[in-house]
Amino acid sequence: MKKTLFNILKFVLITIACFLLGFSVYNCNSSRTTGDKLPMPFGIGMAVVISGSMEPTISIDDMILVKKADEYKLDDMVVFQSNNELIVHRIVDINEDMITTRGDANNTDDEPIHVSSIKGKVVGIVENIGWFIDFLRSPIVVITVLVCAILLMEFSFKKEKQEKNDKISKIKEEIRQLKG
């Protein structure tokens, strides 16, 4: 029972470590090489909201899930990148390929943007989890999880090696007893 529980724990921790490492490397490379602030593997991305322009619908520290879409319509909440910032606002006007957005808490419309500038539309909101997401993304957490996973693997390899050595010793002892 203990061995099974240990193996499950080891598998879960290594899986989490690989996921965190892979996601961190992907995000870092995507941001640095392309200037893309919202990498969207498999057409889905997530971001933590840092302004109150969409209050009360979306608040600071909410996490939004964003999905690429083929078309957008009035009232969709969309994410687009302006310079080096991600902005999540609601569509208030569509004029062919130009879209005008506005934050729910703002009094004025944003400058119109081309539809190709939109990263995707908001398909989910998880309230007040931004601090936790930022914590998980922090280098210290990623490094700690990786070190724990490596230590677990090392411990399990040593344990397996000791078990094999014990079995070999028993077999050798049995052979000596049979010979003598």
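This is a predicted model: local features need pLDDT of at least 70, side-chain atom pairs count only at pLDDT 80 or more; totals for chains, interfaces and linings use all residues.
User: D62 is buried yet has no salt bridge; how far away is the nearest side chain of opposite charge?
Analyst: A salt bridge needs a nitrogen and a carboxyl oxygen within 4 Å. For D62, the nearest side chain of opposite charge belongs to R90. The distance to R90 is 11 Å.

User: Which backbone nitrogens lie 2.8 Å and 2.9 Å from a polar atom of the D62 side chain?
Analyst: The 2.8 Å distance involves the backbone nitrogen of S59. N128 is also among the residues that D62 touches. Its backbone nitrogen lies 2.9 Å from a polar atom of the D62 side chain. The two residues are S59 and N128.

User: How many residues make up the largest nonpolar core?
Analyst: Its members include A47, V49, I58, I64, V79 and V122. Strands β2 and β3 (77–82) each supply at least two residues of this core. Another core, of seven residues, lies apart from it, with Y72 and I118 among them. The largest core has 10 residues.

User: Which strand holds K121, the partner of D76?
Analyst: The closest N and O atoms of D76 and K121 are 3.9 Å apart. D76 is buried, because its relative accessible area is 10%. K121, at 23%, is partly exposed. D76 lies in the loop between β2 and β3, so the pair ties together parts 45 residues apart in sequence, with K121 in strand β7.

User: Is R90 buried or exposed?
Analyst: R90 lies in strand β4 (residues 85–95). Its relative accessibility is 15%. Buried means under 20%, so R90 counts as buried.

User: Which residues do salt bridges with shared partners join into one network?
Analyst: R90 pairs with D75, with the closest N and O atoms 3.5 Å apart. R90 also meets D104 in a salt bridge, at 2.8 Å from N to O. D104 lies in the loop between β5 (98–102) and β6 (113–114), 14 residues from R90. The network joins D75, R90 and D104.

Definitions and conventions. Residues are numbered from 1 along each chain as its sequence is written. Side-chain values use heavy atoms; hydrogens and water are left out. Buried means under 20% relative accessible area, exposed over 50%, partly exposed in between (1.4 Å probe, protein chains only). Lys and Arg count as positive and Asp and Glu as negative; His and the chain ends are not counted. A polar contact is a pair of N or O atoms within 3.5 Å; within protein, one must be able to donate a hydrogen and the other to accept it, and residues adjacent in sequence count only if both atoms are side-chain atoms. Contact means heavy atoms within 4.5 Å. A nonpolar core is a set of buried Ala, Val, Leu, Ile, Met, Phe, Trp, Tyr and Cys residues joined through side-chain atoms within 4.5 Å. Helices (H or I, at least four residues) and strands (E, at least two) are DSSP runs, numbered from the N terminus. Lists of a residue's contacts leave out its neighbours within four places in sequence.
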